[in-house]
Amino acid sequence: MSTLIDRITQIYTQPLPDLLFQAQQIHRQHHDPHAVQMCTLSNIKTGGCPEDCAYCSQSVHNQTDVSPEPLMSVETVVAEAKAAKAGGATRFCMGAAWREVKDGPQFDRILEIVRQVAELEIEVCCTLGMLKPHQAQRLKAAGLTAYNHNLDTSPNYYDKIISTRTYQDRLETIQAVSAAGISVCCGGILGMGETIQDRLELLEALSHLEPQPESIPINCLVPVAGTPLEKTAPVEPLELVRMVATTRILFPKAMVRLSAGRMEMSDELQTLCLLAGANSIFTGAKLLTTPNPARSHDEQLLDQLGMVPKPLRERV
Ligand code: SAM
Ligand code: DTB
Ligand code: SF4
């Protein structure tokens with residue numbers, strides 16, 4: 001009997017025409033093949049993070065040119081969310097450079113932000129580091145749609161990238177999020193020096209989550225000057241396409257998000273990723289701390305492809 005990793009390997013290594021055909025068939029069974037969800041990111045608390053993630057511009061362990069900024073006010077974040085919605089985004093994702101959420105005035109402010117953004121009738125996601133079960137429950141009660149917490153890479157490669165927390169820590173937060181009834185957004189980063197086997201083992205780890213993630217961001221490393229990974233070689237374009245297609249096949253219902261790294265991708269590569277089953281992008285000129293393609297460029301590309309921004313699902 002073949003194991004899950006054998007099955008994932010078989011999917012990933014099949015001839016590209018077969019892989020793309022299989023991914024497209026599955027994509028079309030579960031999603032509108034013309035629709036791409038637009039999400040907008042806001043970095044609501046920048047820099048000064050005590051974790052030592054080797055890829056990150058916001059870690060105190062890395063000498064980057066990001067200057068720390070305190071948690072934004074409720075008004076500023078809500079104004080950004082309104083602007084994101086007006087610009088066509090149907091999901092607003094807030095990131096905070098924290099190791100973990102601490103109870104107190106800052107978390108209370110986050111809860112108020114979540115309440116007010118949820119009232120805008122837009123999906124609300126945040127990524128705040130590690131969470132305890134009661135904090136996840138409070139976020140749920142405030143109206144949070146989804147929580148982003150990436151496994152980033154394979155269990156084996158993880159300690160080459162981060163030493164200040166473990167894979168198990170990540171899994172526990174993800175467990176707290178799903179137990180609270182919040183949708184899990186969990187994916188990884190390609191291009192950190194890992195092998196293809198590591199990438200497939202990341203997909204294996206994601207497959208073992210219960211429930212499986214409803215949203216899977218696939219980031220390509222944005223090499224940031226001053227981080228240990230600044231000189232890492234870029235991801236091979238067709239390896240990215242294979243990874244997207246394999247993710248689509250393994251997670252038929254999930255939103256597969258072509259996340260960081262689009263500045264370095266040609267329109268043709270992004271198109272191949274959309275044909276391979278990616279159905280969401282981040283729009284707006286900035287991700288958290290690094291540049292992202294201009295919205296006008298994304299709109300032009302979708303237009304050329306005869307594709308459209310995905311409307312928000314009606315609330316029932
Ligand atoms: N501090 C929280 C955490 O780590 O969970 C939330 C913010 S963190 C910046 C969110 C995610 O962004 C990380 O898990 C990582 O996958 C991604 N990320 C950060 N820096 C990146 C980079 N330079 N290139 C690609 N992805 C990156
Ligand atoms: C995710 O997986 N990618 C987004 C979101 N979740 C929070 C973040 C990408 C960050 C890219 C590097 C930066 O801009 O600092
Ligand atoms: Fe901190 Fe998140 Fe950056 Fe890691 S990825 S250093 S936890 S902000």
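1. Which residues come nearest to ligand 1? Thr-127, Asn-150, Asp-152, Arg-170 and Val-222 do, out of 16 residues around ligand 1. A residue is near a molecule or strand if one of its heavy atoms lies within 4 Å of it.

2. A word on the basis. This is a predicted model: local features need pLDDT of at least 70, side-chain atom pairs count only at pLDDT 80 or more, and totals for chains, interfaces and linings use all residues. Residues are numbered from 1 along each chain as its sequence is written, chains are lettered from A and ligands numbered from 1 in the order in which they are written, and side-chain values use heavy atoms, with hydrogens and water left out.

3. Now the polar contacts of ligand 1. A polar contact is a pair of N or O atoms within 3.5 Å; within protein, one must be able to donate a hydrogen and the other to accept it, and residues adjacent in sequence count only if both atoms are side-chain atoms. The side chain of Arg-170 places an N or O atom 3.0 Å from an oxygen atom of ligand 1. A polar backbone atom of Ala-96 is 3.3 Å from a nitrogen atom of ligand 1. For Trp-98, a backbone N or O atom lies 3.2 Å from a nitrogen atom of ligand 1.

4. Look next at Asp-152, one of the residues that come nearest to ligand 1. It lies in the loop between β4 (146–148) and α6 (158–161). Helices (H or I, at least four residues) and strands (E, at least two) are DSSP runs, numbered from the N terminus. Asp-152 counts as buried because its relative accessible area is 2%. The cut-offs: buried means under 20% relative accessible area, exposed over 50%, partly exposed in between (1.4 Å probe, protein chains only). Phi of Asp-152 is positive, near 70°.

5. Ligand 2 has 13 residues around it. Asn-150, Asn-219, Leu-288, Thr-289 and Thr-290 come nearest. The side chain of Asn-150 has an N or O atom 2.8 Å from an oxygen atom of ligand 2. Leu-288 uses a polar backbone atom, 2.9 Å from an oxygen atom of ligand 2. From Asn-148, a polar side-chain atom lies 3.1 Å from a nitrogen atom of ligand 2. Note that Asn-150 is also among the residues that come nearest to ligand 1.

6. Which residues surround ligand 3? They are Cys-49, Glu-51, Cys-53, Tyr-55, Cys-56, Ser-59, Ala-97, Trp-98 and Arg-165. By class, this shell has 6 nonpolar, 1 polar and 2 charged residues.

7. Check two backbone features. Most residues other than glycine have a negative phi, and most peptide bonds are trans. Glu-121 has a positive phi, near 60°. It sits in the loop between α4 (105–118) and β3 (123–127). At 40% relative accessibility, Glu-121 is partly exposed. The peptide bond from Glu-210 to Pro-211 is cis, with omega near -5°. Pro-211 is in the loop between α8 (196–208) and β7 (215–220).

8. Is Asp-298 buried or exposed? Asp-298 is buried, because its relative accessibility is 2%. It belongs to helix α11 (residues 295–305). Leaving out residues up to four places away in sequence, Asp-298 touches Arg-262, Ile-281, Phe-282, Thr-283 and Pro-293. Contact here means heavy atoms within 4.5 Å.

Conventions
Nonpolar A, V, L, I, M, F, W, Y, C, P; charged D, E, K, R; others polar.
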